[in-house]
Amino acid sequence: MSEQSKSSQAPDRTPHVVIAGAGIAGVQTAVALREQGWPGAITLLGDEPHQPYDRPPLSKAVLLGKAEGSAFDVDFAGLGISLHLSRPVTGLVPDAHVIETAEGPVPYDYAVLATGAEPIALPGSEGLPGVHLLRTLDDAKRLRPVLAAQHEIVVVGAGWIGAEFATAAREAGCAVTVVEAADRPLAGALPAEVAAHMTRWYADAGAELRTGARVASVTAGAVTLADGTALPADAVVVGIGARPATGWLAGSGVEVSPRDGSVLADEQLRTSVADVYAVGDCASFPSARYGARLLIHHWDNALQGPRTVAENIVRGEAEGVAYDPVPYFWSEQFGRFVQYVGHHGDADELVWRGDPAGAAWSVLWLRGEGGPREAQSDRGDGGRRAGRLVALLAVGRPRDLAQGRKLIERGTLLDRERAANASVPLKAAAR
């Protein structure tokens, strides 16, 4: 046998990274691997037929017909990334180092789990005509004609996605009623005293908000609430949250949170099985900065985490780096640009900055040196109260957000009185 024949029969030893999921976290992991010098093969498995795309425009430009899509500007072939569309993953077999798909197993040296999250359906509404979710490009395209026809729409859920969809629907001229089971919008994200000032945004935009309203049933043309109220609905849009898309990992040995279904990644975004990482909406990670395990369903986390995963794969575990970002997200709703940075707890001190009845204001969360409950007693120069900035919500105050993000990253102590003065630059309140 010739040397050429022996070579052609030799197994391929090129190291191979296989990424499950072709959303922003998966795409950015593939790109970051090349940027950081990964020399081996990269395979990206996506479950949709579309070229990988960004999701934020779905509830804005794409939904309103101002854009056809939001595909990433990535030359996959030029980067040597093998992209497989319409190929959802079905299982992971760590002992064999393969990811299972309907088209057969895909072997890996390293696997990255980036399957994101899937929207929670309203019980009893699955498969009903006129009931919509908003998570994918196809979802947005199905909703376009609904908005164009200026229908009566009921939105279930007054969270971030519900508010953004209601904003777009009102812009399109639809009659919009938003029903929320909690006593306020954004109940799972913000304290009552903050969310209360966002309630009037709905009425100002011409949308009706019903809080403390539980859905009893959905039928053709109507949503019936638990108190018997029937709301006319040409269409129903459900925005009651999302859960990590991790069901496909059952039996794999990858440890998943029994509470929220997230992959329990470590500080380097490694999973509980060797050579497998997890990133983006499907994974939670321990934050030394906040002393808590964080599950962040936001774009910035799906952008930052892949850089850490890529660096750790390229460097190897011995030189691995930890992932501990300052979380950040934004939302455009009812003519306002809302930004949040950091992570707060119920016991952190809340400080207002500006008039929440106005167009621009911020909220700060301060924490004392000894823990959340000590923020009010931690005193700096002159005996005035001080606290470490851990989170900030900015409505129409981008400068507060930019300065606050840097202060949080540095762990800066703020003078509480100066921080509360909206006319003083936030950075000038630093101790």
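Residues are numbered from 1 along each chain as its sequence is written, and side-chain values use heavy atoms, with hydrogens and water left out. Because the model is predicted, local features need pLDDT of at least 70 and side-chain atom pairs count only at pLDDT 80 or more, while totals for chains, interfaces and linings use all residues.

Helix H4 covers residues 160–171, where helices (H or I, at least four residues) and strands (E, at least two) are DSSP runs numbered from the N terminus. Its twelve residues reach 17 Å from the first C-alpha to the last, close to the 16 Å expected at 1.5 Å a residue, the expected span being 1.5 Å times one less than the number of residues. Nine of the twelve residues of H4 are buried, so the helix is largely enclosed by the rest of the structure; buried means under 20% relative accessible area, exposed over 50% and partly exposed in between, with a 1.4 Å probe and protein chains only. Among the buried residues of H4 are Trp-160, Glu-164 and Phe-165. After H4 comes Gly-173, with a positive phi near 95°.

Helix H5 (residues 192–204) has Val-194, Ala-195, Met-198, Trp-201 and Tyr-202 as its buried residues. Seen down the axis of H5, these fall within an arc of 95°, so they line one face of the helix; the arc is that of the directions from the helix axis to the C-beta atoms. An α-helix has 3.6 residues a turn, so residues three or four places apart point the same way. On the other side of H5, Ala-203 and Asp-204 are exposed.

The largest nonpolar core has 92 residues, and those with the most contacts inside it include Phe-165, Trp-365 and Leu-393; such a core is a set of buried Ala, Val, Leu, Ile, Met, Phe, Trp, Tyr and Cys residues joined through side-chain atoms within 4.5 Å. Leaving aside neighbours within four places in sequence, Leu-393 is in contact (heavy atoms within 4.5 Å) with residues including Val-194, Met-198 and Gln-339.

Gln-339 has its place in strand E23 (residues 336–342) and is buried, with a relative accessible area of 8%. Its side chain makes a polar contact with the side chain of Tyr-328 at 2.8 Å; a polar contact is a pair of N or O atoms within 3.5 Å, where within protein one must be able to donate a hydrogen and the other to accept it, and residues adjacent in sequence count only if both atoms are side-chain atoms. By contrast, Arg-214, in the loop between strand E12 (208–211) and strand E13 (215–219), is exposed, with a relative accessible area of 55%.

A search of the whole structure finds nine aromatic pairs, in which rings of Phe, Tyr and Trp (its six-membered ring) have centres within 6.5 Å, planes under 30 degrees apart counting as stacked, over 60 as edge-to-face and the rest as tilted. The rings of Tyr-202 and Phe-334 have their centres 4.7 Å apart and their planes at 55°, so the pair is tilted. Tyr-202 lies in helix H5 and Phe-334 in the loop between strand E22 (328–333) and E23, so the pair ties together parts that are 132 residues apart in sequence.
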